[in-house]
Amino acid sequence: MDFIAPLIFVILAAIVVAGGLAVVLLPRITGSALSMGLSFLGMAGLFALLGAETIAFFQVLIYVGAITVLILYGVMLTGVAPAGADRRLFFQKQAGWALVPLKFVGVVATVFALSFQSNVVQQPGGDLEPLANAVFRDYAFPFEVASVLLLAAMIGAIALVKRGDD
Amino acid sequence: MLSVPLGWFIAVSSALFFIGAAGVLVRRNAVVILMCVELMLNAANLALVAFSRRLSDATPRGSVFVIFTFVIAAAEVAVGLAIVLAAYRNQPTVEVDEIHELKG
Amino acid sequence: MDDTTLRVLATIVPLAPLAAFAINVFFGRWRLQHLTGLIASAALAISALAATGILLGTLGRHDAAIVMLYRWIGVGTFQIDVSFQIDQLSTLMMLVVTWISFLIHVYSMGYMHDDHGYWRFFSWLPLFVFFMLVLVMADNYLLMFVGWEGVGLCSYLLIGFWFEKPAPQAAANKAFWMNRIGDWGFMVGVILIFLTFGSLAFRDVFAKVGIAQSELLTAICLFLFLGATGKSAQIPLYTWLPDAMEGPTPVSALIHAATMVTAGVYMTARSTPLFAEAGPALLVVAVIGTATAVLAATIALVQTDIKRVMAYSTVSQLGYMFLGVGVGAPIAAMFHLATHAFFKALLFLGSGSVIHALGGQQDMRHMGGLKPKLPITYWTMLIGGLALAAIPPLAGFWSKDEIVNSAFFRGQGYEWFWAIGVTTGALTAFYTMRMLWLTFHGAPRDRHLYEHAHESPRVMTTPLIALAVGAALAGLVLGWPPDAGWVHQYLGPLFERAEAIDYSRIAVLATISAVAGVLGLGLAWLTYARRRPDPERVARTFAPLYTLLVNKWYLDAFYDHNVAGAFRWLFGASWAFDLAFIDGFVNKLAAGFQIGGRNLRRLQTGIVGNYALTIVLGLLFVGAAYAYLRLRQ
Amino acid sequence: MSPPGVLVPGPFGIDPLVWVVLRLLIAVLLVVGLIFNGALLQILMERKLQAWAQDRVGPYHVGPWGLLQTFADALKLIGKEDVRSRFTDAAFFLTAPAITFTPMVAAWVVIPFAPGVQGIDINIGLLYLSSLGAMGVLGIVIAGWASNNKYSLIGGLRSAGQLISYEVPQILSLVTVVLLAGSLQLTKIATAQPGLQLNLFILPAAFLTYFIAALAETNRTPFDLPEAESELVAGYLTEYSGMRWGTFLALTEYGNVTIVSSIMTTLWLGGWNGPLVDQAPILGVLWFTLKVYVIIVAFMWIRLTLPRFRIDQLMNFCWKVLIPLTLTNLFVTATLKVALPAPWDLIAIGILNWGLVAAFIVLIPRLQRRRLERLRERLRTERERTLAPTA
């Protein structure tokens, strides 16, 4: 069975990275949104592989179920602009110029990361209870603050998109 | 039974992070930029969970931070989209380099 | 009683009023309307029965039971629980609060019957009871503070109940501000307690009382007492209470006579272990209490508004309670608190009944001769008045006497407190008699009102009778024999006995104060019934004194002009300073930034991508620097 | 059932590795069979019930009493020509049915039919089900988008709004039950309701809110706005035909109905619990199926009884009625659970829950009546204003 976990990992990692690349490279914005959803799903799979099932399902619930749909909503409400990539090129050039060292650093980081050879340990019994204990006991106060943040974001979003006349 | 080295996860995480960062730089559509930011957040999440599982404390601190990241991501998308919509209503475009009304 | 039953009962006691509040505030407006009063009263009945159950179940018990509901705050070592301390003190308070509240709720169903804010009234009133119960049941200072603020809020809401009129609004604001000053003191006290003892739970703090420096402890106690003066209307923060009479009369009876204003006394009694070690703090309490008692009693002599007489009387009686705590007799203070709750609630409700009968007229100069018209009100108020005047064997006599006697037995110059207390007792008797006479006896001064006066409905008179029975008998039942009565045996284990009691002299002292009371009564009767001396002539003869009293010793005016003026001056000065220095500096700085910004704004392209690029470049720089430092190691 | 990934020897001496694969195959076949047959059965049931309620005969041509009608329909759908408009967005148009169908199938994994008869008994079963429920929205939005048709787009967007909104009361109702059971594991929740101590009696308000939210989540009447034929033709389904349509409507919708019914059965009706289950665990499947079908019939009954909401009513109902109600319920339940000791909390929670149900039943007609009156009032004043100059 030793080969199964790496195999699953490779498949999921491919999904995640390919999805991420598609987000950036696909010309159509709906395509980007869907590939983002795919990438998120793969990420959920990676979480599950790490033994963090609770996080994995939260990932599906929040990212796939809510954020992707929200983004699709945004896409549909703003209309799909034609992919006019050739209107103002100077910025793209700058970015491309910046990408060279960026990619270089990325590669270095990847190589560096591959030197972490110790295996990830999987604890028995899932991560629900330790997570719940941590969030609601040790991190109760930050959790409350986070909920206030969400509330503020919600009110802010409503205030931003509310039209003056209704 | 799980025999995937930690480094692999970190490698995927960093790859996704830089893909996201590149997307933020290259794409001009504000909604796509939002998506790329989400990708970067996700990459960070993966690193957090991976390290957290590796450390195997009694309290999975990394996972807790991931939950906070979820909150931040949700808030960020809500507010970000609201801003994009408001800007779109003002001037029907979502290309970030055409929205520079606030330029001083 | 086993723990589970106790837990359930202790939860029911505060939750029943809270539930009534929740139901009434959410549904009262549309669906329940005139059921709200019934709901609130029923909830209070449940609460009162549960409190009685707790009393019966814990009678033999000497240690405090802690009922922990849940951990409220647990951040590191800072741990606050929502938990109740059920001991003799809190049980006594629970009983007083729930039963008096129940009677007043029933009374209010009649009194507020035609008010369009009926449901609102019966939403705030149970909410008040809930907070009051939290205050008295709390086992730590922070939870107590929650109740403390909560009752303040409800007091504010209920004083300003008729907010469409300007006077209640102003009174509510005044009460709020005055209380704010006191609450500030209380809050500082609580913070100091936490910093000193590292805990806020009563049992931890009292156990560790020895570790604090004496000066610090004195400061803590004085700050706590500042809070008490605010809530319990003592000098210097008493002026809000008479104005609070703008609220509906049941509110005055419940909040501003029987329960909330006694919170300060309760808190001070609860903190006795702190005060006992705190050097001069107790003396301050005693002095302030006595001064307030005298001052308020003298003002009450000349008031013409029936409710204001009561209000100043309340301030004065609260002064007595603080005197009791101050001379080291918290049991006597609590005893007086309990009996006072009965007779003062009774007097307020009775005057409410009179006001109700006269269609809202509160001025005693328009009353008179109402005795045949309002027989039940008259007789019950007479009992209440005599109890207030401390005529034996009514309730007030036993408790007040005990307070002043404790001062006497303390010796060492404390006899002065006794002398002032007894004199004030005579004053009390005088204004009580004056109030009763002007209201019920003599010739009717306003024919029209007199003709239309009518006795209140059953729902209002029944609580009056119940309270009258309490006012008549509570002292004897709870306090006989002196210093060894039920209340002493019950509360005894909580407080160390301050002084040895010389029983042979009690009889003499009691006779003296009884005589003082009768003297006061007689003098008032002579003055107002026989007109010998004629009150108007007395007022003319002692014109300066009379003016002083009518103007409430000019203290209100002093606050309005001097204190407020001083603050206004301070604010003006700080504003000027602000303009000249801080703003000037900021303006210069801003000018500098403006020039800089004019030149730097070229960096601002307005293109988001550029900014993102800058961020990435910064990130790269930081990463490179980190890598360089790591590699050099 | 054994935890995933652990090799257990199969029956009849089958090799462990082979047994893993075999078990997977059997499970997949079982679930697929269940879904297909369930959908066929339920469509027939619904049509027969509708006919019965409307005093008609219903399908009766194919097979005895029309029993084979839906099989014939299915055959027709599969055999139909695959028609697709040229202006649709091919890739998305083709994947959308799969996106909604897949999470529905995946959800069956954790449904506990009887002790031991369950795909996998994970300790976060409810979270799993909720997250899968959230995924289905994506397919509907994509379908609406890819159809390149205004009706479809509006249907898809409406659906997304509806599903996201109603997810809130749905999950809040679930959390209320989880609070009492103290677990997210479906089997534990089911076994926490011994005998007649069903959650239905303790938490009827949560059941009611979940039921309503589930109606909305499965796009059933009175919440079937996304496919409201009178205003949107067929909503996001307009451009679909053949088996793609069948996957969307027949399989996914009925499959989702079955799943939410199973969740309700497990959470509120005690799952497989019933007479004689201790002796013969396999009987649990029977009880479970019976309970599920009772709820499904209730779904159909509601469809027969109630007219459709308007979109603003739908949103108002969710945000102004359902969410406050579920929040109150959750808050009260949590408070009581913490505040009171063991036997008392259940009693108090039960009483309060029934009170909430009563309040809900009293309140809703009142609110509706008031809305109606206000509407009439407005119409009348408007009419008067327009008529005034002529009169």
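Colleague: Let's start with Asp55(D): does that residue count as buried or exposed?

Modeller: Asp55(D) counts as exposed, at 72% relative accessibility. The cut-offs are under 20% relative accessible area for buried and over 50% for exposed, with partly exposed in between (1.4 Å probe, protein chains only). Before we go on, this is a predicted model, in which local features need pLDDT of at least 70, side-chain atom pairs count only at pLDDT 80 or more, and totals for chains, interfaces and linings use all residues. Residues are numbered from 1 along each chain as its sequence is written, chains are lettered from A and ligands numbered from 1 in the order in which they are written, and side-chain values use heavy atoms, leaving out hydrogens and water.

Colleague: What about the backbone: which phi does Asp55(D) take?

Modeller: The general idea is that most residues other than glycine have a negative phi, and most peptide bonds are trans. Asp55(D) has a positive phi of about 65°, although it is not a glycine. You'll find Asp55(D) in the loop between helix H1 (16–53) and helix H2 (69–79) of chain D. Helices here are DSSP runs (H or I, at least four residues), as are strands (E, at least two), numbered from the N terminus.

Colleague: Where is Ala390(C), and what is its phi?

Modeller: Ala390(C) sits in the loop between helix H16 (375–388) and helix H17 (395–410) of chain C. Its phi is positive, about 60°, and again the residue is not a glycine. Ala390(C) is buried, though, with a relative accessible area of 8%.

Colleague: And which peptide bond is cis?

Modeller: The bond from Ile235(C) to Pro236(C) is cis, with omega near 5°. Pro236(C) belongs to the loop between helix H8 (214–231) and helix H9 (240–243) of chain C.

Colleague: Which helix gives the most to the lining of the largest cavity?

Modeller: That's H4(D), with 9 residues. Of the 31 lining residues, Gly133(D), Gly136(D), Glu217(D), Thr218(D) and Asn256(D) lie nearest the centre.

Colleague: Last one: how much area do chain C and chain D bury between them?

Modeller: The size of an interface is often given as the accessible area lost when the parts come together. Here we use a 1.4 Å probe and sum the loss over both parts. Chain C and chain D bury about 790 Å², 69% of it on carbon and sulfur atoms. Arg7(C), Val8(C) and Arg31(C) supply 49% of the area that chain C buries against chain D, more than any other three residues. In contacts (heavy atoms within 4.5 Å), 8 residues of chain C meet 8 residues of chain D.

Notes
On a 1 Å grid over the protein atoms alone, a cavity is a set of points where a 1.4 Å probe fits but cannot get out, and a pocket is an open set with protein on both sides within 12 Å along at least five of seven lines; lining residues have an atom within 4 Å of a point. Buried area is the accessible area (1.4 Å probe) that two parts lose on being put together, summed over both.
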